[in-house]
Amino acid sequence: MESALASLASLALRAWLVWSLQLVAPGYAEVTCSSCPWPARVRNTDVVQQLDHGFGPVVTLGKSWNRARAEFRPTALVLESAGEREWNSKVVGKTDGEVLQGDQPTSRRKRSGPGPDTAAQLTGSRDPNLGDPETPSDERARSHGLLLDGHRASSDGRWSRDDGRASGSRLDDAKLTSSTFALAGDSAHNHAVVYWTGQNSSVILILTKLYDFHLGSVTESSLWRSMDYGSTYERLNDKVGVKTVLSYLYVCPTNKRKIMVLTDPEFESSVLISSDEGASYQKYRLSFYVLSLLFHPSQEDWALAYSHDQKLYSSFDFGRKWQLVHERVTPNRFYWSVSGLDRDADLVHMEAHTAEGQCQYMTCKAQACSESSRTFPFPSYIETNSLVVQDEYIVIQVTMAGRASYYVSYQREPFARIKIPKYSLPKDMHILSTDQGQVFAAVQEWNQNDTYNLYISDPRGVYFTLALENVKTTRGLGGNSMIDLYEVAGIKGMLIANRKVENQVKTYITYNKGRDWRLLQAPSTDLEGNEIYCVLPFCSLHLQLQMSENPYLSGSITTKSPVPGVIVATGNIGSELSYNNVGMFISSDAGNSWRQIFDEEHNVWFLDKGGALLAVKQPTVPTRHLWISFDEGRQWTRHSFSAMPLFVDGVLVEPGMDNQILTFFGHFSDRSEWQLIKIDYKSLFTKRCAEGDFQTWHLHNQGEPCVMGQKQIYMKRRPGLYCMLGKDSSRILSAEPCICRAHDFECDYGYERRGDGNCLPAFWFNPATVSRSCSLGQNYLNSTGYRKVAANNCTKGVKEMYTARKQQCPNRPPRGLHLATQDNKLTANLGSNVTFVVQLEEGDSLRTNIQLDFGDGTAVSYSNLSWTEEGIRHVYRSAGIFRVTALAENSLGFDSTSLYLHVTCPVEHVQLLAPFVVIKNKEVNLTAMVWPSHSRTVTYFWWLGNSTEPVITLEGSISYVFSAEGMNTVTVQVSSANSILQDTKTIAVQEFFKSLLLSFSPNLDEANPDIPEWRQDVGRVIKKALLQVSQLLVAVFPGIPTAAELFLLPSKNQSDARKRNEEDLEQISEILVSALNQNLVEFELKPGSRVIVYITQLTLAPLVDSIPRHSSSAMLMLLSVVFLGLAVFLIYKFKRKIPWLNIYAEVNHEKEQEMIGTVGQNDATTPKITLSEFSSPKELMEKELEVRVKRDLNQTSPFIHGCILF
């Protein structure tokens, strides 16, 4: 019961840790190099997550082909103590696959350089009360077996899969030598990074850290060093600084004696450098926070560092001094030069962003990346997180109109568009491998969700053909999607994949790079020797192809180049892949036949350069036993490696060591220190292998000896011999070319394999199409529908029949002319360089004349298409929509195409011109004035009469009828290029009204700053003083001299008595004219400065209404066309106040903007109007009013109301 409760508690804690790890992400350093050993892995949103953040989930996209997984020499291990650890992987290193997106960022694919030093986070669920499930309870009590600290212990026994029982052998007396070291004082530390510094080195470095979940940072660290292969360790805190908190430790991939350790930036940003395998250190301050590192593939002192603020730095003295390379670089999208392809060794390929956020592919020298030295190999902007620089290939993605296109550069030649079958329409594409002179890509097509199609290219990486449909993906830690595709190490062209067929996932194998696939034949007997009835295709063997995200656990499938043909994997037998009732299976003949070796999941490693197999149970339970086999899994011997059951977090195996040493890492309990158990298994061998200890092995495919066009014979150690292998233990004894047959050829681009096995043209492909580069008098290769499988070595036979034939280029008319801008956009800014790209699908490019009309009265002509390869540039001097036409013509015909280019200039000002008062049910014109003036490139959005839906026009004027009295808001938005501006006006709608023109004494102009705020402040003061006197509507015109128009509106509650209202308005008008003529209307602008309001002129119509007999309603628009941002506050104050006349003052909030002429179709006919050209009432003000109104006003009307707009 206590054990069960402990298990539940441990499970709950682990579940909490998985959740909490997703939240912890302070961001620390990552090393990236060339040969990370991971499966084909992609991420849905972006590339992957960033590196390990001190302690948290870190996932990395690794090498697509797991052959590298077997060849990879692990050099680092990350451990986490139990109770606070749920294992998550961290690979710091460059990988071979590449993800294009995108998302999201941020892992390394294949990098230039040798294999990295790798780190991984590991944990296991540990319960100290649990014994070893492999050991009976009485054995646990006795704890007999391996004695620690240099003592020897005999093996526990041996069993054979043939009889299922223990058997006697020489290994019954074999001894394993081991020693255990506990990192005393670090029991609280919950994170560790372990490095074996390199081949033939006895130095191991361990960095342990305490990550505080509450603070979200590392608070303590310890650095340990061993000089005797892990027998003893020395603590180095005093050499690096007792109070120094370290975050990450890295070993130079080209010189393992050089060590770089980064401090935790929460305390200080520094780097500690060692040149003697970590024996001594020098500290150097950093001015930035390192997120990731990339060492040069050949120069041991060169490195690139990526900072938290998206800056890329370079160092040429192993981190002592750093200099800025470039800013705004995409995370993990920077690459060192590739030897033999790039001219400069310090050249850096990177994906950088412009200030506007556009992404570009850029190259420059790391030591001098000045603006003049930067080059842009691809002329257009690219998709973020899409740059891949891998071997001979550079791949980028461009998205236009929601559809992705991919481009490739082969051996640094100009980019060519990747050709995938026409209607695949990829949603997502990932470069998996560039091995063996071609590109493998996983493409998720428009109708796929959880599967990908596998495509394989020609040698130049341009033309792709389908290799396998519906390859399964598996969700990994951190949200990764890993493609279930595995390349068998040591055998060229051999792949294993899990494919989804009719909602069932089945395992398939190919021996010719995807040309042919078949199911796996299940074992004939089970582990106990009972016969298994499993008939193809209804029943077969299915394998789990997930590589461990922890490089120190073997994962579900393992192969190794020195042991060609040996495959160890977790799987099941049945109609489809299952994750229940699984066992361990092995093949010794490259997948032709299989045997079961365990009925539970185990981690399996290759020892002694592949001559022996080491198996340990999955680390979910503690164990003290390991299993070793010398005959490719037929017989296993159990050995004890620990007196107490150990939660095994990982096994560190160094294949390059002459000493046969491996190290187990783990914990005895949740609260124990780190336990490092060094095991020397050299005593298991009797001698070094001699020539007679080897045998030949013929590679075959179900009896067919020709694989990839040749017969291959390998030398392998005879199973069951206990001799130690030498350095050249496995080799190809002979490789004899075979006669070419049909299975050595795959379908060429545009062809599909039919049911009879023949390759015929797809419905969308025209096999008569000839490349435009083919000119009269030259030759081209006319495809037969087949192409030889890349790296296939067959000769003669049907080779001539299937190989493309050389033919003379025909003279043909141009067809398939395409015209586009270089950035695939149909808009351009006025005055900017626009580059047009002309492409021709068919025709003789050297004998075809190209003409390009830019649509603005200019055109160019070229004698042949080769002159246009870098694009045709043009600068437009006026805004508008231009029809650009391309014409290709030769003696046999012509072809043409057009596009419409919008040349725009951002709108800087917009002014809505509208009357202040309009007549009900009368049509009124509204005009939006924009500056600069645009021709056909502006869109207008009108909200009229308090409506919620806009009216959209391409013209700057609109007519509208207001059907109801009251105040109405009119808003116009102007959209041009990337800018949108808006202006709003309020319009009073009445059945009739009266208006007067006003002017002011000159001293008002001296104090007029021509801004709305001034009018607002003055209007507020006057409104407060005259609120009880009268209400009027006054519209102030912009500019100086200041002028305005006074509107007299009828009262709402009196509007029914129309005749009386008209008479009353006439009376009020006479009264106001009299008062204005007598200078009785004035206000104080500031102490000692009073402004007098004058009557300028009466409007032409004595009274304006909505009755048809009145024809003077046009006067309502008088001077309103010049209404701009500036308003002057008019206040009317009589010396003798009239208690029954109300005045309401309101501020006009119009914008102060320059006005231009009405939008027209041609700029030449649309003159621009500036502020100095506005209509002014100056002439009207020059005539002084001679008549003054008497002080006593005896007549008025109670129904007048109004407002002052400023």
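This report describes a sheet, a pocket and several salt bridges in a predicted model.

## A four-stranded sheet

Four strands form an open sheet in the order β24-β25-β26-β27, and their pairing is antiparallel. At its edges lie β24 (388-390) and β27 (416-417), each of which pairs on one side only.

Strand β26 (residues 403-410) runs antiparallel to β27 and is joined to it by 2 bridges. Opposite arginine 417 in β27 stands tyrosine 407.

## The second largest pocket

The second largest pocket holds about 1,100 Å³ of space. Its lining comprises 35 residues, of which Gln358, Gln360, Tyr381, Asp823 and Asn833 are the closest to the centre. By class, 12 of the lining residues are nonpolar, 16 polar and 7 charged.

Several strands contribute to this lining: β22 (347-353), β23 (359-365), β62 (827-829), β63 (833-842) and β68 (893-904) each supply at least two residues.

## Salt bridges

The whole structure contains 25 salt bridges. One of them pairs the side chains of aspartate 186 and arginine 235, at 3.7 Å from N to O. These partners are 49 residues apart: aspartate 186 lies in the loop between β8 (175-182) and β9 (191-196), and arginine 235 in strand β12 (residues 234-235). Aspartate 186 is buried, with a relative accessible area of 0%, whereas arginine 235 is partly exposed, at 37%.

Glutamate 746 and arginine 787 also meet in a salt bridge, at 3.0 Å from N to O. This pair links strand β55 (residues 745-747) with strand β59 (residues 786-788), its members being 41 residues apart. Both glutamate 746 and arginine 787 are buried.

Terms used
Residues are numbered from 1 along each chain as its sequence is written. This is a predicted model: local features need pLDDT of at least 70, side-chain atom pairs count only at pLDDT 80 or more; totals for chains, interfaces and linings use all residues. Side-chain values use heavy atoms; hydrogens and water are left out. Two strands pair if DSSP finds at least two bridges between them. On a 1 Å grid over the protein atoms alone, a cavity is a set of points where a 1.4 Å probe fits but cannot get out, and a pocket is an open set with protein on both sides within 12 Å along at least five of seven lines; lining residues have an atom within 4 Å of a point. Grid points are joined across faces, edges and corners, and a volume is the space filled by probe spheres set on the points. Ala, Val, Leu, Ile, Met, Phe, Trp, Tyr, Cys and Pro count as nonpolar, Asp, Glu, Lys and Arg as charged, and the others, Gly among them, as polar. A salt bridge is a side-chain nitrogen of Lys or Arg within 4 Å of a carboxyl oxygen of Asp or Glu. Buried means under 20% relative accessible area, exposed over 50%, partly exposed in between (1.4 Å probe, protein chains only).
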